[in-house]
Amino acid sequence: MSADVGRPLTGLMADPTDLRIPGPTPVPPEVLAAMGRPMIPHRGAALKDLYREILALARTVHRTDGDVLTWPGTGSAGWEVAIVNLLSPGDPVLAAVCGDFGDRFAGYGERLGLDVRRLDVPWGEAVTPDRLRAALGANPEVRAVFLTHNETSTALTNPLRDLVAVVRDHGALAIVDAVSAAGALPLLVDEWGIDFVLSGSQKAWMCPPGLLIVAVGPRAWDAHERSRFPRAFWDLTVARQSAAEGMTPSTPPLSLLYAFHAALGMMHAEGLDAVWARHRRLGELTRRGVAALGLELYPDPAFASDTVTGFRPPEGVPARELVRAVRAEHGIELGAGQGRIVDDLVRIGHMGWVHEPELRRALGAVGAVLRASGVDGARPANGSPA
Ligand SMILES: Cc1ncc(COP(=O)(O)O)c(C=O)c1O
């Protein structure tokens, strides 16, 4: 036996930090407690009741009468689920890219053998209906459009309802990555005519990472009938057949289902409109706080996200250095940028289980760090103490 076995795991024993990254997000005590429930037979009556209730609640949050399905997985797996179930090798698709996640989604399409056309928008700007219409006009043969509802990397929300209308006019499928939007921002799957939505448990769903959630509309099911990609684990038909019996094709991640059930119950109790309104308020509060510190938003303010705020660090301060100082001096974990914009912005997450005090603390910490480093204009945010 290695001498290391039995040694305390210092990494796991560190004090919990105040987690203000844009996911994974803090998990409420009710959800953590639910995860402590004992295991149950995964083909038994209790599981069937639990899973049926989860799917019904999740349909409500997606505002859909269509199918919602889950797999053990993450958001990235959702990209693959969409591609291999709705399309065929060589199919022309349009990927609307305005940040790192849109770029990765497009990359999955390329690696899986689609003919990916790109609508590249400068990072920090939105994909607008006009831009999308023009790109579709230049690529009339595309069968599907990949959209990112909330581009977490640039802290920007695209005007999804209007974009989906353009996609539908074109007769293509609207495939939507709603990883940092679902459960926090208005997302009316049926009313807006979205064909496929994917998200992951670790964001606004207030759960630990590890559960992929997808919503599938009727046109997506038609496309699925025609799709010729090989697939096994991620097969939508198999998942739907199991779900009809209240089950999943393989052993479900039971603790995550307990968590998701508890989190959905909390959202239901708060009321979906209230959940959306809370995120809107917290987005406004954070943007006001950032402005009060004399800092500039990274994304176009007209499209600034209500689940994550991105701001440019002051001249000469790399984002990662500011994030490090806030962690070291205040125990608060913020996000730097990612991909090629890693040092261009700092991100404060505010999705899921989050309220005003945590955000005031985070803004206060940013202000204190900047003042201590002699940066002009770093006034206390919203009058809150540093
Ligand atoms: C918009 C968006 N899409 C996709 C992903 C990838 O999700 P995951 O890391 O769960 O695979 C993320 C993760 O943060 C995201 O924010």
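Analyst: Rings of Phe, Tyr and Trp, the last taken by its six-membered ring, pair if their centres lie within 6.5 Å. The model is a predicted one. Searching the whole structure on that basis gives six aromatic pairs.

One of these is formed by Phe105 and Phe146, with 4.1 Å from centre to centre and 5 degrees between the planes. Planes under 30 degrees apart count as stacked, so the pair of Phe105 and Phe146 is a stacked one. Phe105 belongs to helix H5 (residues 100-111) and Phe146 to strand E5 (residues 144-148), so their pairing ties together parts that are 41 residues apart in sequence. Phe105 and Phe146 are both buried.

Another pair, Phe233 with Trp234, is edge-to-face: the centres are 4.8 Å apart and the angle between the planes is 80 degrees. Buried means under 20% relative accessible area, exposed over 50%, and partly exposed in between. Phe233 has 40% relative accessibility and therefore counts as partly exposed. Trp234, at 18%, counts as buried.

Phe105 and Phe146 also belong to one aromatic cluster together with Trp79 and Tyr108. Trp79 is in turn one of the residues around the ligand.

Two arginines sit over aromatic rings. The charged end of Arg37 is placed over the ring of Tyr258, at 4.3 Å from its centre. Arg240 lies over the face of Trp221, 3.6 Å from the ring centre.

Helix H4 (residues 75-86) gives the most to the shell, with three residues.

An N or O atom in the side chain of Ser76 is 2.5 Å from a ligand oxygen atom. For Thr74, the distance from a side-chain N or O atom to an oxygen atom of the ligand is 2.6 Å. Lys203 has a polar side-chain atom 2.7 Å from an oxygen atom of the ligand. The ligand taken alone exposes 390 Å², and 87% of that is buried by the protein.

Terms used. Residues are numbered from 1 along each chain as its sequence is written. This is a predicted model: local features need pLDDT of at least 70, side-chain atom pairs count only at pLDDT 80 or more; totals for chains, interfaces and linings use all residues. Side-chain values use heavy atoms; hydrogens and water are left out. A residue is near a molecule or strand if one of its heavy atoms lies within 4 Å of it. A polar contact is a pair of N or O atoms within 3.5 Å; within protein, one must be able to donate a hydrogen and the other to accept it, and residues adjacent in sequence count only if both atoms are side-chain atoms. Accessible areas come from the Shrake-Rupley method with a 1.4 Å probe; for residues, only the protein chains shown count as cover. Helices (H or I, at least four residues) and strands (E, at least two) are DSSP runs, numbered from the N terminus. Rings of Phe, Tyr and Trp (its six-membered ring) pair if their centres lie within 6.5 Å; planes under 30 degrees apart count as stacked, over 60 as edge-to-face and the rest as tilted. Buried means under 20% relative accessible area, exposed over 50%, partly exposed in between (1.4 Å probe, protein chains only). A charge sits over a ring if NZ of Lys or CZ of Arg is within 6 Å of the ring centre and within 35 degrees of the ring normal.
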